[in-house]
Amino acid sequence: MKKLLVMAAMVLSSVGAFAQYSAGDITIQPKVGLNVSTIGDADWKAGFAVGAELQYQLTDKVGLAGGLLYSMQGNKSKDDDEKWNPGYLNIPLTVNYYVVNGLALKAGVQPGFLIAKDKNDDAKKFDLSIPVGASYEYQNFVFDARYNIGVTKVADHGDGYNNVIQITVGYKFKL
């Protein structure tokens, strides 16, 4: 069994074409995915994210990306299973460092704007988070996993910050 797995990995690695980008290349990546979010010490809840990211390749190893994503965030109440489902328009700005061909580590800043409230009239309209994560590119498909660490409070009362685990898949096109 072990030999079979090693052989399969070798075949896949030789067949797969990884996107190789050079300094000056610009790409766009439509994406869709799943969020798991919470605020403060409330329970986590699932939501979705959809949007696109544009990347400028500074060097063979470093790219700068900016995106526009609709993100359903919020939380689930511990007491009564009631959910809060705010919608945010997030603008992730990240530096992507390619450790090896296809694998990038990323970090940056993400301003967000509350565009769809759900039962919380005192929620702030602006949210700021720090996205950290990694992505893997295979034949122009991009699998991305991030943790968005909330920096600003969601509302004036309480100590709640948006904390979001986001997993997306996209397809990268060179412009």
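The legends below describe a predicted model, first as a whole chain and then in close-up views.

View 1. Helices (H or I, at least four residues) and strands (E, at least two) are DSSP runs, numbered from the N terminus, and along the sequence they follow the pattern α-β-β-β-β-β-β-β-β-β-β-β-β. Of the 175 residues, 37% count as buried, where buried means under 20% relative accessible area, exposed over 50% and partly exposed in between (1.4 Å probe, protein chains only). Residues are numbered from 1 along each chain as its sequence is written. Local features need pLDDT of at least 70 and side-chain atom pairs pLDDT 80 or more, while totals for chains, interfaces and linings use all residues, and side-chain values use heavy atoms, without hydrogens or water.

**View 2. The largest nonpolar core.** Ile39, Trp84, Tyr88, Leu114, Ala123 and Val154 form this set of six residues; a nonpolar core is a set of buried Ala, Val, Leu, Ile, Met, Phe, Trp, Tyr and Cys residues joined through side-chain atoms within 4.5 Å. Beyond four places in sequence, Val154 is in contact (heavy atoms within 4.5 Å) with residues including Ile39, Trp84, Tyr88, Ala123 and Lys124.

View 3. Leaving aside neighbours within four places in sequence, Lys124 touches Leu114, Lys153, Val154, Ala155 and Asp156. Phe113, 11 residues away from Lys124 in sequence, is 8.7 Å from Lys124 in space, C-alpha to C-alpha.
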